[in-house]
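Please open the model in your viewer and keep the selection tool at hand.

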Amino acid sequence: MTTVKLILDGHSQCVSSRAIVDEIKRACIQVGFFYVKNHTVPDAIIQNALSASRKFFDLPVELKMELENRKTSNYMGYSPLLSGNNNPENAGDLQEGFEFGWEALGEPEDNKVHDNATVQKGVMAGKNVWPAAMPGFRGAVLQYYHAAVHLGKLLFPLFALALDLPENYFDDKATLMKLLHYPPQIGQVDDRIIGIDRGAAVHKKIIIQCFTILWQEPGIQALQVLNSDGRWIDAPPIPGTFVINLGDQFARWTNDVFKSTVHRAINRSGVRRYSIPLFFGTDYDVKLEPIPSCVSAERPPRYDVVTAGEYVKSRLQATYNHGKS
């Protein structure tokens with residue numbers, strides 16, 4: 001897969017060179033995955049978030065279940081092992097996670113409702129929840145969240161230019177972040193059926209935002225991408241990089257000009273694995289209408305028009321079977 005080296009100016013802003021834009025365009029059209037290096041996220045912030053993630057997932061199950069996402073209207077909080085299912089053919093995802101959305105830094109570290117500026121509106125209305133037993137958790141993961149959001153804001157103009165659009169075309173943005181823990185997976189994996197083993201952590205083309213900024217734990221192979229020949233290709237962790245993979249919002253916006261590629265994560269390493277995806281999308285009230293330049297008589301619209309919030313919520317309901325016991 002392509003590795004794109006960002007060129008930054010003295011203010012940590014990305015220089016939109018034509019060569020970089022063309023490199024991203026090729027990756028988005030052909031694969032839907034690429035690596036990015038020379039990014040702006042300090043390693044100390046990554047390591048602090050990783051340490052907080054490890055400590056959270058080491059908590060007793062009963063403490064984590066106090067924050068279960070089935071108890072929230074917007075799916076924020078803890079998702080236990082096998083509670084999500086990204087592939088209908090799968091028996092459940094062998095991962096546990098903790099998800100949260102936008103929140104300003106510097107607010108009181110408690111588990112109460114924060115001021116209205118931090119609460120999502122519309123179909124994804126709700127608040128973040130935080131573990132009361134870990135007073136430093138919120139600060140560590142929000143530091144990472146805001147650093148990764150800055151990187152996403154550098155990438156969005158490059159995606160716009162790759163589609164021959166104004167740099168500010170994707171200015172309306174919404175973000176969700178998730179901490180993930182994958183226990184070692186035992187048993188056989190049958191490549192003929194995606195995620196055939198019980199608990200294979202598989203994502204079958206339902207990255208529901210525009211793109212994901214994924215940090216992978218070094219030295220542990222798990223992520224695979226399904227290529228055009230139907231073969232699974234490893235996407236190994238490369239030190240100093242993030243994986244950028246496109247999601248369904250981009251596929252809908254571009255009428256499938258940009259690819260939302262089938263991928264999966266299967267932890268065969270024999271050790272616990274951690275990853276941190278930040279899902280970068282558009283504001284929830286924005287309609288996912290095809291970009292005019294991506295529609296023609298030969299390429300008619302392929303999707304019904306819905307708002308981003310409606311789409312995100314419908315996919316989360318499908319993943320977590322929300323509302324059922």
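Contact here means heavy atoms within 4.5 Å, and helices (H or I, at least four residues) and strands (E, at least two) are DSSP runs numbered from the N terminus. This is a predicted model, in which local features need pLDDT of at least 70, side-chain atom pairs count only at pLDDT 80 or more, and totals for chains, interfaces and linings use all residues. Residues are numbered from 1 along each chain as its sequence is written, and side-chain values use heavy atoms, with hydrogens and water left out.

Select H2 (residues 43-57) and H4 (residues 137-162), whose axes come within 8 Å and cross at roughly 135°. Axes are lines fitted to C-alpha atoms, for helices over the stretch in contact, and angles run from 0 to 180 degrees between N-to-C directions. Next, display Ile45, Ile46, Asn48, Ala49, Ala52 and Phe56 in H2, which meet Phe137, Ala140, Val141, Gln143, Tyr144 and Ala147 in H4.

Turn now to the salt bridges (a side-chain nitrogen of Lys or Arg within 4 Å of a carboxyl oxygen of Asp or Glu); the structure holds eight. Select glutamate 96 and lysine 64, where the closest N and O atoms are 3.1 Å apart. This pair links distant parts of the chain, 32 residues apart, with glutamate 96 in strand S4 (residues 96-101) and lysine 64 in helix H3 (residues 61-65).

Finally, select aspartate 22 and arginine 18, a salt bridge with its closest N and O atoms 3.0 Å apart. These two residues lie four apart in helix H1 (residues 18-30), and are therefore separated by about one helical turn.
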